[in-house]
Amino acid sequence: MDMTLPAINWLSVLPTLLLSATGLLALFWDIWIKDDERSLLGWLSLTGIVATALCSWLLWGHNDVVSFSGMFALDAYALFFNLVFCLVAALTVLMSLRYLETAEIRHGEYYALILFATVGMMVMAAATDLIFIFLGLETMSIAVYVLAGIWRQHLTSHEAALKYFLLGAFASGFLLYGIALIYGATGSVQLGPIAEHVGAQGSSPLLLIGMGLLIVGFGFKVAAVPFHVWTPDVYQGSPTTVTAFMAVGVKAAAFAAFARIFLHTLGAVHADWQGILWVVAALTMTVGNITALVQHNIKRMLAYSSIAHAGYLLVAMVAGKDLGGAALLYYLVAYGLMNLGAFGVMVAVGRKGEPHEELDDYAGLGFRYPALGMAMTVFMLSLTGVPPLVGFTGKFYIFSAAVQAGYIWLAVIGVLNSAVSAYYYIRVVVNMYMRDGDAIVELPSLRSALGVAILIAAIGTVLMGVFPSASMSLAGASFLSLG
Amino acid sequence: MVSLIVFIPLLTALFLLTLNKNAVELARRTAFGASLLTFCISLGLFTGFDSETAAFQFVERYAWISEFGIEYYVGVDGISLFLVLLTTFLSPLVILSTWSSVEQRVREYLFFFLILETGMIGTFVAVDVFLFYVFWEVMLIPMYFLIGVWGGERRIYAALKFLLYTMVGSLLMLVAILYLAYLHNTQHGTLTFDLLRLYTLEIPVNAQMWLFAAFALSFAIKVPLFPFHTWLPDAHVEAPTGGSVILAGVLLKMGTYGFLRFALPLFPDAAHAAAPLIMALSVVGIVYGALVALVQPDMKKLVAYSSVSHLGFVMLGLFAFNIQGVEGALYQMLGHGLSTGALFLLVGVVYERRHTRLISEYGGLWKQLPLFASVFLITMLSSIGLPGLNGFVGEFLILLGTFQANTLVGAIAVSGVVLGAVYMLRLYQRVVFGPLTRPENAKLTDLSRRELAIFVPLIALMLLMGLYPKPFLSRMEKSVEASLARIHKTADNKSVESVESIGAVESLGRLSLDPTDPKDRKDPVDLKGAS
C-alpha cells in the first residue's frame with residue numbers, strides 16, 4: 001500500500017506554529033532565566049501573541065488555505081477567532097505580569113501553558129474534522145487544567161484543578177462518543193462530507209444521539225446548564241487571571257467549534273437540535289442570573305455571570321442562520337472585552353495576601369480611585385447591557401437574530417434575564433460609589449501592563465458600543481466565510 | 001443645531017473630568033455656562049420653528065449602524081419642541097441651585113447631571129427608534145447615580161428600585177422594537193428603525209396588542225401610571241433637590257411623550273382597545289394620588305404624589321384621542337414641569353435652611369420669608385390650575401377633551417382638580433400662614449439673589465404660558481393633528497371624523513371665561529390669593 005503524504009499548506013498553520021514556537025521558547029528559557037527577570041517571559045509571550053495576531057491579520061482574505069486533506073481550514077472564520085484568542089491571551093498576559101507577583105505564582109510554565117492553550121483554541125476554531133477538533137480541545141483543556149491548579153499554595157486551586165480535570169475528562173468522553181456515533185451515522189469525521197450526507201439524507205436516530213452527546217460535551221466546556229456545576233468552584237478557586245482566561249478564551253473556543261459544527265455542518269437539520277438548545281439556552285440564562293443574585297464574592301458572581309452569558313450566546317446558536325452566527329461572533333468579542341476588563345480590575349484591587357474579592361471590599365472604591373472605579377462601572381454596565389456600551393450592542397445583535405428567526409419568547413426570556421442581571425452588576429457599582437469603605441489598593445499606573453490591559457478593555461467596550469458597524473461587518477463576513 | 005444641543009452637555013461633562021477635583025467653583029461655572037449656552041441655542045429651535053408643518057424640522061440624518069439600517073436621525077416637531085425647551089430651560093436653573101444644595105463631590109454631581117441632560121434631550125429629538133432607545137437607557141444611569149450618591153438616607157434602596165423598575169419596562173420594549181423592525185423587513189424588504197417608516201406598517205391587530213403592551217408597560221412605569229407608581233415617591237423623597245426637579249420636571253414626561261410618539265400612533269387598534277382600561281387607571285391615579293398627597297406629613301412626598309395625580313390628567317388627555325385632549329396633555333406636561341419643578345426647588349430652599357421636610361416643622365413663614373411666600377404662592381396656584389397661570393390651560397383643555405370622549409371619566413377627574421386644590425392650599429396654609437410656632441424658623445433668611453434668579457424665570461414662564469398660550473399651542477397643532485390622524489387610522493377606521501375641526505386655540509379663547517366651567521367655580525380662595 002502506498003502512503004502518500006497529504007498536501008500541506010504551511011501558510012495555513014503559520015499562526016499556530018508561530019505561537020507554539022513561542023510557547024516552547026518560553027518553556028526552555030525558563031530553565032536559564034534568573035528569578036528576578038522572569039517577567040521577561042511574559043513580554044516574550046506577548047511578542048509571540050502580537051506576531052501571531054499580525055500574521056492572522058495579514059492572512060485575511062486567503063480563503064483557500066484548506067490543508068491536511070481538508071482537516072484544517074484557515075478561513076476568515078478561523079482567522080477571526082485567532083484574533084479573538086490573541087486578544088484574550090494578550091490581555092491575560094498583561095494582567096498576569098502583576099498578578100503572578102502578588103499571588104506568588106512561578107512565571108515560567110504559566111506563560112507557556114497560556115500559549116499552548118491558545119494554540120489549542122486556534123486549532124479548535126480552524127479544524128474541519130471532528131478528530132482534529134477533539135485534538136485542539138484536549139490541547140487546550142490539558143493546559144488549562146494545569147493552569148487552574150498552578151496556585152500551589154492554595155487548597156482551593158487544587159480543588160479547582162481536580163474538579164475541572166475530572167469533569168472535563170468526563171465531558172471529553174461524551175464528545176468522543178458523540179463523534180463516534182456521528183461517524184457511524186454519516187460515514188465520515190470530516191465536516192464537509194458530514195454536511196453533504198446530512199443535507200442529502202436528513203437525520204437519523206444515530207445522528208440525533210450523536211448530536212445530543214456533542215451538545216453535552218460542548219455544554220460542559222461553555223458552562224451551559226445543566227452541565228455548569230463545576231464552574232463556580234473552578235472559577236473561584238483558580239488564580240484570577242486564569243479564571244479570566246477560562247471564562248473568555250475557553251468559552252470562545254468551545255463556541256467556535258460548537259458553532260462550526262452545528263450552525264454550519266449540521267445547519268440542514270437545524271430543526272432537530274434547536275428545540276433542545278432552546279431549552280438549554282433559557283435554563284442557562286435563568287439559572288446563571290438568578291444564582292448570581294445571591295453571591296457576595298465578586299469572582300464567584302462573575303462565574304455565575306459567565307454561565308448567564310453562555311446562555312445569551314446559546315440564544316444566538318438557536319437563532320442560527322447568518323445573523324445568529326454573526327451575532328455569536330460579535331458577542332464573543334464583546335463578552336471578552338468587558339469580562340477581561342472586570343477581571344483586570346479585580347487583579348488591580350487585590351494586593352499581596354489580600355485578594356479583596358468580596359463585595360464589601362469594593363465599598364467606597366469609586367471615589368477613592370476614580371479611574372479604576374469608572375472602568376469597573378463601564379464593565380459592569382456593559383455586562384448588564386446598558387447602551388451605548390458593547391454589551392448592549394452585542395445583546396441587541398443576538399436578540400435581533402432571535403426575533404428575526406421567530407424566537408420571540410426566547411428573546412423575551414433573554415431581556416428579562418438582563419433585567420435580573422442588572423441587580424447584581426449594579427450592586428458592585430452601589431458598593432463602589434454609595435457605601436463607605438477603607439480597602440487600600442495599589443493603583444496600577446496607566447503605564448503599567450495591568451493599566452494598559454484595563455484601558456484597552458475599557459476603550460474597546462466603549463468604542464465598539466458606540467461604533468459597532470465595523471466589528472459587526474467583520475463578524476458577519478467571518479461567519480459567511482463558512483460558505 | 002439639534003446635535004449641538006444634545007452633545008454640548010455631554011462634552012462639557014467629559015471636560016469636567018479633566019478639571020482638578022478641588023476646582024469646585026470652576027466646575028459649577030463651566031456646567032452652568034454650558035447649560036445656559038445649550039438653552040440659548042435651543043431657543044433658535046423655537047424661533048426658527050415652522051408651525052405650518054407636521055414634519056420633523058432641523059433634521060440631521062447620518063448612517064450609524066448600517067448592518068441594521070440604524071441611523072443617527074434627529075429632529076424636532078411640535079410635540080418634541082417644547083419638551084426639549086423645557087429640558088434646556090430647567091437644566092441651568094437646577095445647576096444654579098446646586099450652589100447651595102450640593103456640597104460634596106460637586107464635580108461628579110455636575111458630570112452626571114450633564115450626561116442626564118444629554119440623555120433627556122436625545123430621547124426627545126430621536127426619530128430613529130433605536131437611537132431613542134439608546135438615549136432612553138443612557139438617561140437611567142446618571143439619574144441612578146444622582147439619587148444613589150447624593151440622596152437621602154434610603155437612597156440606595158430608592159435608586160435601585162428606580163433603576164430596576166424602569167429597566168424591566170424598557171427591555172421588553174426593546175424586543176417590541178426589534179419585532180417592528182423585522183416586520184418592516186418582511187413587509188417592505190428593508191430593515192429600518194426610522195419611526196416615520198415604521199408608522200406605515202400594517203400590523204395585525206393581535207400582534208399590536210402584544211407590542212402595545214410592551215411599549216405601554218415601559219412608558220406607564222415612567223409616567224407613572226397607577227399601579228406602577230410605587231417607585232416614584234421613594235425616588236423623589238430620596239433624590240437630591242436637583243434630581244427631584246429633573247425627575248418630576250422632565251423624566252416623567254418621557255412616559256407620556258412615549259405614548260404620544262410611539263405607543264399610540266404605531267398601534268392604533270390596540271390603543272383604542274386599551275383606552276378604557278388606561279383611562280380608568282388614570283382616573284384612579286388622579287384621585288388616589290390626590291388623596292394620598294392629602295395626608296402626607298413630608299412636603300416632598302406630597303409633591304411626589306401630586307405628580308401621580310397630575311400625570312393622570314395628562315394620560316387622560318392623551319387617551320381622549322381628540323385635539324383638545326392631546327394638546328392639553330402636552331401643555332400640561334410643560335406646565336407640570338414648570339410648577340412641580342419649582343415646587344421641588346422651593347422645598348429645597350427650606351430644606352437647605354432647616355434640614356427637614358416635615359410640614360409640621362414649619363408654619364408662619366410669610367413674615368420671615370416674604371419673597372419665598374410669594375413665589376410659593378404663585379407656584380402653588382399654578383399647580384392647582386388657577387386661570388391666568390400655566391396649569392389652568394392644560395387642565396382645562398384636558399377636561400374639555402375628556403368630557404367629549406367620556407363624560408363619566410371627566411366628571412370623576414374634576415374631583416381630582418378639587419382635591420388638588422385642597423392638598424396644595426393646605427400645604428401652603430400650614431407652611432406659610434399662621435403664627436410662627438418654631439423658634440428655629442425665626443432665624444431663617446429669605447431667598448438670596450441667586451435663588452431669585454432661579455425662580456424669576458420660572459414664574460415669568462408660568463404667567464406667559466397662562467396668559468398667552470397661542471405661541472405654544474400654534475406650534476403644537478400641526479404635529480398633534482398628524483399624530484391624531486395616525487391614532488385614528490384603526491383597522492375599522494370608524495372614528496376619523498372625531499378629529500374635531502375646532503382647534504384647541506379657538507376653543508380655549510371661546511370657553512376659558514365661561515363661569516360654568518367646573519374649575520372656576522370651585523375655588524374662590526385661590527382667586528383672592530392671586531389678586
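Modeller: Let's start with A:Ile179, which sits in helix 6 (residues 155-186) of chain A. Helices here are DSSP runs of H or I with at least four residues, numbered from the N terminus, while strands are runs of E with at least two. Bear in mind that this is a predicted model, where local features need pLDDT of at least 70 and side-chain atom pairs count only at pLDDT 80 or more, though totals for chains, interfaces and linings use all residues. Residues are numbered from 1 along each chain as its sequence is written, and chains are lettered from A and ligands numbered from 1 in the order they're written.

So, is A:Ile179 buried or exposed? It's buried, because 21 other C-beta atoms lie within 10 Å. The cut-offs are 20 or more such atoms within 10 Å for buried, 12 or fewer for exposed, and partly exposed in between, with C-beta atoms placed from the backbone. Leaving aside neighbours within four places in sequence, A:Ile179 is in contact with A:Leu130, A:Ile131, A:Phe134 and A:Val189. Contact is when the C-beta atoms of two residues, placed from the backbone, lie within 7 Å. There's also A:Leu213, 34 residues along the chain from A:Ile179, with 8.3 Å between their C-alpha atoms.

Burial shows up in helix 12 (residues 298-319) of chain A too: 22 of its 22 residues are buried. That helix reaches 31 Å from its first C-alpha to its last, close to the 32 Å expected, the expected span being 1.5 Å times one less than the number of residues. Just after helix 12 of chain A comes A:Gly320, with a positive phi of about 65°.

Now for chain B, where the axes of helix 5 (residues 129-150) and helix 6 (residues 155-188) come within 9 Å and cross at roughly 170°. Axes are lines fitted to C-alpha atoms, for helices over the stretch in contact, and angles run from 0 to 180 degrees between N-to-C directions.

Finally, the chains touch: 26 residues of chain B are in contact with 27 residues of chain A. Helix 6 of chain B gives the most to chain B's side, with 14 residues.
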